[in-house]
Amino acid sequence: MQLSAVAPYLGDYKLIGMVQKKYFTEVVLLTKTYNLQDFKDWLHWHLNIIGFQHAHIFDNESSVDIKSVCDSYGDRVTYELIKGWPNQYALYNRYINNESPAWWVLPIDDDEFLWVSDKFNTNVNKCLLDVVKCNNHRLKVSVGWRNMFPKNYAETRINNHMVLNATGWSDTASEIWQCGNRPVKTFVLTTHKYEWTDRISHSTHDPLVDGKYLPAATIDNKPVHNSWQDSPTSNNADMILYHYQFKSNSEWKYKCEMRVSAGAKNWNKNYPDLYKKLYINTDIKIDNRVSNLWTGNHIA
């Protein structure tokens, strides 16, 4: 969807405070990827399937050539190389507040895929426009997680494509790690100044607004506290952030050994036995919404 197609709905967003923006939506990613196919899939999904108008990529010295993939999208993607330890919060604060060419910006990770319901033709612009029309005072819109993993234990991936590899989910199983399916990521309207930070516990996934913590609400109006919802993401929410951190046991162990926090240098996530615990006494269900949409739109 081009900006001209959403312009009739933008109202005051066309020009606020003598500031003009080129795009309605942008997705922002900081990545240090080791899998080129995963990155290609992530970019294809968000630009070509869900309809973000622009993407900005921070490349923290990935071990594969993602710059050439970004370049292939022309001006739809901007690329920035970040060497050494990346201060994720500082990057978000600098770019989204001062440089983003879009009104609404969603910063997410490379294992997170935003899904939009059929009600809005799976288009992020149409969905956000509906939110704006219903409540034009909202500055933030949060989207809840749904952790995904293979239906059955997998030592290595059963499919090369992340979204086809993991179609299982369970609110109960996911509670073993990072508050399960209660966390959110948050769209921000760039008419205000935001601060992503861990100096206040609330603001890592739900940033401060103009120096204050003003809690966001989810797309389906559930309150957000401390960057998560009180209950797991609703199955009927119009936007869900599908989270593919549990790809296989071997990749989970590799991630635990190699990763460091992009927000704080001293934060370690080395829990290599965690993946196996997903499959202990849990009722794992199937969710094919992302995989079906991927299959119907995939360009080889």
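**View 1. Helix 2 meets helix 10.** In this predicted model, the axes of helix 2 (residues 36–49) and helix 10 (residues 289–297) come within 11 Å and cross at roughly 80 degrees. On the helix 2 side, D41, H44, W45 and I49 make the contact, and helix 10 answers with V290, L293, W294 and N297. Sorted by class, this contact of helix 2 with helix 10 has 5 nonpolar, 2 polar and 1 charged residues.

View 2. L47 counts as buried because its relative accessibility is 4%, under the 20% limit. Setting aside neighbours within four places in sequence, L47 is in contact with F52, Q53, H54, A55, Y73, R76 and V77. V27 sits 20 residues away along the chain, with 8.8 Å between its C-alpha atom and that of L47.

**View 3. F187 and the nonpolar cores.** The largest nonpolar core has 69 residues, and L43, I57, L114 and F187 have the most contacts inside it. Not counting residues up to four places away in sequence, F187 touches F52, W104, V105, L106, L114, V124, L128, L139, K140, V141, V143 and M239. Another core, of 11 residues, lies apart from the largest one; A154, W177, Y275 and L278 are among its members. In soluble globular proteins, nonpolar side chains tend to be buried together.

**View 4. Helix 5, from its start to its buried residues.** At the start of helix 5, a side-chain oxygen of N123 reaches to within 2.9 Å of the backbone nitrogen of N125. Look along helix 5 (residues 124–134) for its buried residues: V124, N125, C127, L128, L129, V131 and V132.

Technical notes: Residues are numbered from 1 along each chain as its sequence is written. This is a predicted model: local features need pLDDT of at least 70, side-chain atom pairs count only at pLDDT 80 or more; totals for chains, interfaces and linings use all residues. Side-chain values use heavy atoms; hydrogens and water are left out. Axes are lines fitted to C-alpha atoms, for helices over the stretch in contact, and angles run from 0 to 180 degrees between N-to-C directions. Helices (H or I, at least four residues) and strands (E, at least two) are DSSP runs, numbered from the N terminus. Contact means heavy atoms within 4.5 Å. Ala, Val, Leu, Ile, Met, Phe, Trp, Tyr, Cys and Pro count as nonpolar, Asp, Glu, Lys and Arg as charged, and the others, Gly among them, as polar. A nonpolar core is a set of buried Ala, Val, Leu, Ile, Met, Phe, Trp, Tyr and Cys residues joined through side-chain atoms within 4.5 Å. Buried means under 20% relative accessible area, exposed over 50%, partly exposed in between (1.4 Å probe, protein chains only). A polar contact is a pair of N or O atoms within 3.5 Å; within protein, one must be able to donate a hydrogen and the other to accept it, and residues adjacent in sequence count only if both atoms are side-chain atoms.
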